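This briefing goes through a predicted model.

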Amino acid sequence: MEEVKRIVSEIKNISGSNKVLLSFSTGKDSWAVWSAIKDLCDIYPFMYYAPIDDLEYYQEYLAYCERKIGRRIVRLPAPNVYETLGAKALVYQP
């Protein structure tokens, strides 16, 4: 835990801020990082989503995660979503 504190302290010194962006996939690694640093800094979780993420059970799990974390998880489209839609060739665009 001392190593985690040292790393977070170094990040704070470099950034000059107590705010940390946490890429939160809802998996065990995300939970482990959140748990390790939750008392050391102000965490702003975000996640990338894909079209399949509209499943009801997944949305319920995200709501649970937000309640547990105490902050909304910002949802951003995954970078490959635009390629899937054919953004380069405008194949699937109206």
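Which exposed residues does helix 3 carry on the face turned away from its buried side? They are Glu56, Tyr57 and Arg67.

**Helix 3**

- Helix 3 spans residues 56-69, which makes 14 residues.
- From its first C-alpha to its last, helix 3 reaches 20 Å, close to the 20 Å expected at 1.5 Å a residue.
- Its buried residues are Tyr58, Leu62, Cys65, Glu66 and Ile69.
- Viewed down the axis of helix 3, these buried residues fall within an arc of 95°, so they line one face of the helix.
- In an α-helix there are 3.6 residues a turn, so residues three or four places apart point the same way.
- The cover over the buried residues of helix 3 includes helix 2, strand 2 and strand 3.
- Gly70 follows helix 3 and has a positive phi, near 85°.

- Three strands form an open sheet in the order 1-2-3, with parallel pairing.
- Strand 1 (19-23) and strand 3 (74-77) are at the edges and have a single partner strand each, so one side of each is left without a neighbour in the sheet.
- From one strand to the next, the twist averages 30°.
- Strand 2, residues 42-49, pairs with strand 3 in the parallel sense over four bridges.
- Met47 has Arg75 in strand 3 as its bridge partner.

**Helix 2**

- Helix 2 is made of residues 28-37 and lies across strand 1 and strand 2.
- The direction of helix 2 is at about 165° to strand 1.
- Helix 2 is also among the elements that cover the buried residues of helix 3.

**Nonpolar core**

- The largest nonpolar core contains 16 residues.
- Within this core, Phe24, Trp34 and Ile73 have the most contacts.
- Strand 1, helix 2, strand 2 and helix 3 are the elements that give two or more residues to the core.
- Helix 3 gives the most to this core, with four residues.
- Trp34, one of the core residues with the most contacts, touches Leu22, Phe24, Ile43, Lys68 and Ile69 when its neighbours within four places in sequence are left aside.
- Of these partners of Trp34, Phe24 is itself one of the residues with the most contacts inside the core, and Ile69 is one of the buried residues of helix 3.

Technical notes. Residues are numbered from 1 along each chain as its sequence is written. This is a predicted model: local features need pLDDT of at least 70, side-chain atom pairs count only at pLDDT 80 or more; totals for chains, interfaces and linings use all residues. Side-chain values use heavy atoms; hydrogens and water are left out. Two strands pair if DSSP finds at least two bridges between them. Axes are lines fitted to C-alpha atoms, for helices over the stretch in contact, and angles run from 0 to 180 degrees between N-to-C directions. Contact means heavy atoms within 4.5 Å. The expected span of a helix is 1.5 Å times one less than its number of residues. Buried means under 20% relative accessible area, exposed over 50%, partly exposed in between (1.4 Å probe, protein chains only). The arc is that of the directions from the helix axis to the C-beta atoms. A nonpolar core is a set of buried Ala, Val, Leu, Ile, Met, Phe, Trp, Tyr and Cys residues joined through side-chain atoms within 4.5 Å.
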